[in-house]
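These notebook entries record what I looked up in one structure. The sequence and the model are shown first, and my entries follow.

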Amino acid sequence: PALVNVLGMAHTEALIQLERQDLKRIKGDPGSSDILLEAGPPAKNEQDTYTVKSQDPPPGTPLTKGMKVKLTLWNAPDKAKQ
């Protein structure tokens, strides 16, 4: 099986899709999590807030045991880093 494409999805939906592939997210324990969420740049459009900007490795990558997937999310426009 190959990694699903979660680009542009709301982060909650993206997590569901990845968890269906036996990848796990353990809140508060990034060392044990297969899915890592990272705050990205502020969204240009309000509706893009907390959607997946990028995923690493890219969609279609063969799934392997112990694989880590990093999702970078568009951040809220008003939470832009100063």
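**Entry 1: burial and surface.** I began with burial and found that 32% of the 82 residues of the chain count as buried (buried means under 20% relative accessible area, exposed over 50%, and partly exposed in between, with a 1.4 Å probe and protein chains only). I noted that the model is predicted, that local features need pLDDT of at least 70 and side-chain atom pairs pLDDT 80 or more, while totals for chains, interfaces and linings use all residues. Residues are numbered from 1 along each chain as its sequence is written, and side-chain values use heavy atoms, with hydrogens and water left out. The chain exposes about 5200 Å², of which carbon and sulfur atoms supply 53% (areas come from the Shrake-Rupley method with a 1.4 Å probe; for residues, only the protein chains shown count as cover).

**Entry 2: fold and dimensions.** I counted 1 helix and 3 strands in the chain, in the sequence pattern α-β-β-β. Helices (H or I, at least four residues) and strands (E, at least two) are DSSP runs, numbered from the N terminus. The radius of gyration is 13 Å, close to the 12 Å that the globule rule gives for 82 residues, so the chain is as compact as a globular protein of that length. This radius is taken over C-alpha atoms, and the rule is 2.2 Å times the number of residues to the power 0.38. Along the principal axes, the C-alpha atoms fill a box of roughly 40 × 25 × 15 Å. I then looked at contacts (heavy atoms within 4.5 Å): among those between residues at least 6 apart in sequence, 64% join residues at least 24 apart.

**Entry 3: the salt bridge.** Which side chains meet in a salt bridge? I found that Lys-70 and Glu-38 do, at 3.7 Å from N to O. Lys-70 lies in strand β3 (residues 69-75) and Glu-38 in strand β1 (residues 35-42), so the pair ties together parts that are 32 residues apart in sequence. The structure holds 1 salt bridge, defined as a side-chain nitrogen of Lys or Arg within 4 Å of a carboxyl oxygen of Asp or Glu. Lys-70 is partly exposed at 32% relative accessibility, and Glu-38 is partly exposed at 35%.

**Entry 4: backbone angles.** I kept a general rule beside me: most residues other than glycine have a negative phi, and most peptide bonds are trans. Asp-22, not a glycine, has a positive phi of about 65°. Asp-22 sits in the loop between α1 (11-19) and β1 and is exposed, with a relative accessible area of 61%. Tyr-50 also has a positive phi of about 65° without being a glycine. Tyr-50 belongs to the loop between β1 and β2 (52-56) and is partly exposed at 32% relative accessibility. I also noted that Tyr-50 and His-11 are 39 residues apart in sequence, with their C-alpha atoms 5.9 Å apart in space.

**Entry 5: a cis bond.** Where did I find a cis peptide bond? Such a bond joins Asp-56 and Pro-57, with omega about 5°. Pro-57 is in the loop between β2 and β3.
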